[in-house]
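Let's take a walk through a protein chain together.

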Amino acid sequence: MSGIVAVLQKLESTIQDGDYYQAQQMYKTLYYRYNKKKQYTVITTMLMRGILLMLEHERKEEANDLGDLLIEHFEKSNTNPDEKHIGYILQIFEKMGEIDQFNQNFIRKSIIWSSNEINNDQGSPVLHLQYARAYANQDAVNLAVNHFLRSDNPEEFAQYLLSKKDTELLVESVLQYICLKNLKDANIIYQIYTNESDETPLLQFTGYLLRTLERDAYPLLELLREKYAEYLNVESFGKYLDLIGKLYYGVDKQHSGLGGIMNTLMKSMFQP
C-alpha cells in the first residue's frame, strides 16, 4: 500500500507542477495496470483524487477525460450505482461548474452507467435531479425538462414549470410523463400547476385526458381531441396523443411516426 501512496503523491506533484498532460497520461497508464490486477478500490481512489485536483486547477478537459475513465471503470468492474458511487459522480459534477462541452459527455455516460431495472433503465433519479437543476439554472429548458421527467421529484418539476409560465410546456411535460407510463407524476405536476394557474381550454383538455386514461375509453380520447382540436395545434401534441392511443388502447394510426416519437422520448434520457 505504501507503494501506491507514493505513486499517488507523485501524480499529484506532477499536477501541482503544471505538467497536466504528463499527469493525464500517467493516470491512464496506471488505470490499465491496476485494472489488470483487479485493484478496483485503488483505481477509484486514484481517479477521484486526480479528477478533483484537475478541477481545482481549472483543467476541465483533462478532468472530463479522467471522469470518462472512472465511469468506464465502474462499468467494467460491474460497480452498482449505489448511494456511495452516485455520490462520487455528484462530487465531481458539483466541482465542474457550468455545463459545457467538456462535461456533457460525462453527464450522458453517467446516466447510461446508472441505468438498471430499479429505475426502469432510465438512469439514477438522484443524478437526473441534479442535472435538471443545473440545466434549469442555465435556462436550458428542454434539457432541464428531460432530466426532471426522470428525477422522481414531480413537486420540484411542477414548481419549475410554474416559474416558466408556459402552459404549453406543462401540457407537453404531462404528455411525456403519460408516454413514459407515469400517470402518477403526470397527475401531480398537473394538480400543482393548475392550483396556481387560471384555467384555460388547454389545461381543461389535459385534466380530462388524465381522467380518460383511468378507464378503457378510447372513443373518449378521440372525442377530446376533436373537441379541443383548435387548442392542440402544437405538432408534438398530436404525435404524443397518437402514441398514447397506441400505448394505452392498442390503436396504431398509420403514417403517424409513432416509433420516431417514442425513440426520441427514450433517447432524450441519455442527452447530456
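This is a predicted model: local features need pLDDT of at least 70, side-chain atom pairs count only at pLDDT 80 or more; totals for chains, interfaces and linings use all residues.

**From surface to core**

Now for the overall build. The chain has 15 helices and zero strands. If you follow its C-alpha trace along the principal axes, it spans about 75 × 35 × 30 Å. There are 272 residues, and 48% of them count as buried. Take the contacts in the chain with a separation of 6 or more: 61% of them come from residues 24 or more positions apart.

What about charges? The chain carries 28 positive and 37 negative side chains, and the centres of these two sets lie 7 Å apart.

Time to go inside. In soluble globular proteins, nonpolar side chains tend to be buried together. Here, the largest nonpolar core has 85 residues, and M46 and F157 have the most contacts inside it. Helix α3, which covers residues 40–56, gives this core its largest share, with 10 residues. So which residues does M46 touch, leaving out those up to four places away in sequence? They are L8, L11, Y27, L30, Y31 and Y34.

Let's finish with one serine. You'll find S236 in helix α14, which runs over residues 235–249. Is S236 buried or exposed? It counts as buried, because its relative accessibility is 17% and the cut-off for buried is under 20%. The side chain of S236 also makes a polar contact with the side chain of E172, at 2.9 Å.

Note on methods: Residues are numbered from 1 along each chain as its sequence is written. Side-chain values use heavy atoms; hydrogens and water are left out. Helices (H or I, at least four residues) and strands (E, at least two) are DSSP runs, numbered from the N terminus. Buried means under 20% relative accessible area, exposed over 50%, partly exposed in between (1.4 Å probe, protein chains only). Contact means heavy atoms within 4.5 Å. Lys and Arg count as positive and Asp and Glu as negative; His and the chain ends are not counted. The place of a charge is taken as NZ of Lys, CZ of Arg, CG of Asp or CD of Glu. A nonpolar core is a set of buried Ala, Val, Leu, Ile, Met, Phe, Trp, Tyr and Cys residues joined through side-chain atoms within 4.5 Å. A polar contact is a pair of N or O atoms within 3.5 Å; within protein, one must be able to donate a hydrogen and the other to accept it, and residues adjacent in sequence count only if both atoms are side-chain atoms.
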